[in-house]
Amino acid sequence: MFLELARVYAFIARFWREVFFPPYEFKEIIKQCYEVGVRSLPLISVTGFIIGIVFTNQSRPSLQDFGATSLLPALISVAIIRAIGPLVTAIIASGRVGSSIGAELGSMRVTEQIDAMEVSATNPYKFLVVSRVLATTLMIPALTMYTTLVSLLGGYLNVHQFEQTTIVTFFYQVFDAITFLDIIASSVKSVLFGFTIGMVGCYKGYYSSKGTEGVGKAANTSVVTAMFLLFVEELIVMQVINAIRGI
Amino acid sequence: MLEKVRNPNIDTSKKVIYIRGLRKAFDENVILKGVDLDLYKGENLVVLGRSGTGKSVLIKIISGLLSADTGEVNVLGQDVCCITRKELDALRLKIGFSFQNSALYDSMTVKENLEFPLVRHSKHMTEQERDKLIDTVLDAVGLRQSINQMPAELSGGQRKRIGIARTLILRPEIMLYDEPTAGLDPITCIEINNLINEVQERFNTSSIIITHDLTCARAVGDRVAMLLDGEFKREGTFDEVFDTNDKRVQAFYNYNFID
Amino acid sequence: MSTEDNKRSVIVGIFVFLAIVILVTGIFTLAGQQKRFINTITLQAVFDDVGGLKPGNNVWFSGVKIGTVKAIDLFGESQVLVTIGIEERAQQFIHENAIARISSESFIGNKNIVIEGGTQEASLVEDGDRIRAVNPIDTDELMETLQVNNRNLAAITTDLRQLTNNLLEGEGTVGALLTDEGLANDFQATLNNLQQASQNTIGATRELSRFTSKLNTPGGLANEVLTDTTAFSQVKRSLAQLEQATTSAATLTENLQEVSGRLNNENNAVNVLLSDEEFARNLQSTLQNLETSTQKFDENMEALQSNFLFRGFFRRRAKEEARQREAELERLEEQREEVQ
């Protein structure tokens with residue numbers, strides 16, 4: 001248990017040691033960014049849009065009881081920008097990206113591809129781990145921007161359908177309900193989420209046990225662990241932000 | 001059965017690998033008890049042994065993938081255990097490692113696989129020079145037509161050749177082959193054996209070939225060493241090694257040629 | 001470096017660029033909307049009680065948002081010093097004699113500060129000025145007044161009912177009394193009193209309607225009621241009394257109608273009195289007043305019904321009535337069956 005913790009610590013520490021020093025694997029980073037960011041966009045956009053619609057629709061009745069459906073845009077805004085946008089993006093990405101990183105690195109470990117890089121005097125950590133963690137850390141926030149926008153548009157569609165609110169009013173209320181702190185917090189959170197997804201996937205894959213079973217296990221545990229950590233981080237960030245907001 | 005014609009270029013005055021008293025254990029399980037090994041320049045040394053006797057561990061220690069518990073491991077004049085990361089990387093460029101499963105990078109084409117070590121270590125090279133070198137090594141392994149294929153599209157034998165080509169591209173002085181013929185049909189085995197000998201002649205490499213395949217051992221080994229109980233029990237030419245009363249060595253020979 | 005790689009780099013570039021555009025647009029919209037980068041001047045106001053006002057709440061002037069609350073500090077013995085930031089462009093419209101009032105944005109929304117009043121004669125506010133503050137009306141006090149009104153109303157209507165009942169029961173006596181001129185005068189006086197009483201009722205109901213209309217306006221009062229359970233139970237009690245009062249009033253008017261019916265009967269000795277025009281007018285206006293008063297009650301009840309706070313109460317009552325009706329129906333059914 002403690003050995004595992006020490007190994008996790010060493011693994012993360014190695015990232016910070018290696019990320020700033022050359023050689024930089026630009027080509028691989030771009031490739032991973034493409035995989036993580038661009039290729040996830042359709043899935044995440046559709047999901048975000050649906051969540052925007054569903055969340056808005058499901059929130060309406062409770063506001064209707066107070067005759068306060070005009071507060072709907074503000075409610076959606078706070079919910080999506082503060083929590084749903086970053087979290088949903090991260091969860092979908094951990095399912096799509098985290099598992100594939102775990103599986104890919106796991107199979108590379110099992111078929112000795114990582115050793116092959118090592119003996120060809122290429123730093124496999126830099127080539128595989130740093131590039132992937134960088135890609136998730138940069139792309140998850142970018143995806144979060146898209147998800148948030150698309151979710152808000154989904155919310156707008158639903159509000160427009162039932163309350164005939166114009167898009168200008170809708171977005172006015174959306175921005176009225178949030179503060180700079182919300183945007184900063186969400187951005188920081190999504191960076192953290194991206195880092196977590198990449199790190200967990202790489203760690204599980206990099207230290208995957210031998211055999212095909214090891215690959216499956218690496219893919220599976222990277223998703224489960226990443227999702228668990230995402231929620232823990234969400235909780236911690238929420239507490240920190242509330243503490244800041246309170247001051 | 002093909003017999004190895006001893007390579008005339010072997011220089012027994014130069015030891016490229018020199019190992020004394022190598023010991024390696026995983027937890028309680030002692031794999032290598034005290035291995036002494038010399039590899040002379042230009043020589044093909046075959047290490048025989050049953051599965052789990054620590055053959056792979058031995059070459060992984062030589063290439064620095066694993067570290068020895070005790071003992072001296074000297075490769076090309078450098079002690080592998082006690083050099084910096086940078087020195088180790090420089091040393092590794094001189095060692096070619098052919099993995100049991102070829103270990104081709106699945107996400108890259110054959111060309112990208114071959115380029116992979118090149119672009120990182122020969123930065124001064126122009127693209128034309130690189131392409132030319134790739135063609136040369138692909139010619140050497142006889143797979144020029146596969147340049148734009150993905151590893152998944154290749155057969156086991158082809159993968160093995162590309163794996164060897166990838167290590168050759170950096171012009172190594174030492175080649176380490178991990179089970180080069182495992183899982184291949186007899187004809188492909190012979191092709192691979194021939195390739196190993198060709199590489200030895202053409203690129204003037206010194207090689208350690210890990211195998212439990214006696215056909216292969218006889219075909220490529222200038223010298224054969226038998227690993228038993230974590231030590232080299234028998235050493236010499238192929239015939240010398242099996243000219244013994246040791247039951248286990250006899251058994252190893254008999255079971256290999258049972259058919 | 002194949003063309004595939006270049007294409008990929010370009011796509012990733014566009015992808016990241018668009019994400020940044022979304023973020024930057026968001027930030028600038030937010031900044032523009034929340035007036036982060038506009039010069040402000042600060043004003044101060046001292047309140048006795050800010051009722052949950054927080055830094056960041058909006059400041060309104062003539063229905064336009066002109067700034068936010070910057071800081072809230074305790075001040076003096078138990079007062080609160082509120083510092084507000086106001087856009088520079090709003091400065092030229094606010095005079096020194098303007099007053100600040102605490103208000104609410106909606107039923108369940110945030111508190112805010114409304115600046116109003118101010119006349120041309122006074123000079124314009126300067127940075128750091130302190131303007132007058134008006135403290136919000138205390139809900140408890142309002143409730144108290146309402147309850148006193150209710151009690152009075154109930155007492156009056158009970159008295160009236162008693163009086164008219166007596167009038168009705170003592171038919172012979174009334175007839176006898178009415179022959180007596182002195183007594184007739186007395187009766188007239190009584191009726192005058194009645195008129196007075198019903199006018200009082202109108203006054204009371206007007207008071208009530210003002211209160212309920214206040215309830216209906218989106219303001220702090222309703223909010224207070226919502227969060228204050230004591231206040232809510234008081235309102236409930238008031239409603240019960242109101243109900244009683246309306247029942248009484250209804251009985252009263254019925255009785256009066258009956259009396260007037262009898263009075264209209266030519267055979268009745270009272271008819272004589274009707275020759276007195278003034279008396280007839282009085283009687284009529286009394287009745288009218290009473291009618292208006294009951295109408296007002298109805299309106300009040302309706303107003304209260306439409307107020308969401310009391311919705312539950314009325315829903316319960318409607319259910320009870322329905323239950324009673326059902327019970328009645330069942331009883332009738334049973335009776336019919338017994339007969340058969």
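**View 1. The contact between chain A and chain B in a predicted model.** This contact takes 11 residues from chain A and 14 residues from chain B, two residues being in contact if their C-beta atoms, placed from the backbone, lie within 7 Å. The side of chain A that touches chain B has 4 nonpolar, 4 polar and 3 charged residues, where Ala, Val, Leu, Ile, Met, Phe, Trp, Tyr, Cys and Pro count as nonpolar, Asp, Glu, Lys and Arg as charged, and the others, Gly among them, as polar. In this predicted model, local features need pLDDT of at least 70 and side-chain atom pairs count only at pLDDT 80 or more, whereas totals for chains, interfaces and linings use all residues. Residues are numbered from 1 along each chain as its sequence is written, and chains are lettered from A in the order in which they are written.

**View 2. The contact between chain C and chain A.** Here 19 residues come from chain C and 20 residues from chain A. On the side of chain C that touches chain A, helix H1 (residues 3-33) gives the most, with 15 residues; helices are DSSP runs of H or I with at least four residues, numbered from the N terminus. That side of chain C divides into 12 nonpolar, 5 polar and 2 charged residues.

**View 3. The surroundings of Leu229(A).** Leu229(A) lies in helix H9 (residues 212-246) of chain A. Leu229(A) counts as partly exposed because 18 other C-beta atoms lie within 10 Å, the class between buried (20 or more) and exposed (12 or fewer). Neighbours within four places in sequence aside, Leu229(A) is in contact with Thr196(A) and Val200(A); the C-alpha atoms of Leu229(A) and Val200(A), 29 residues apart along the chain, are separated by 9.2 Å.

Conventions: Helices (H or I, at least four residues) and strands (E, at least two) are DSSP runs, numbered from the N terminus.
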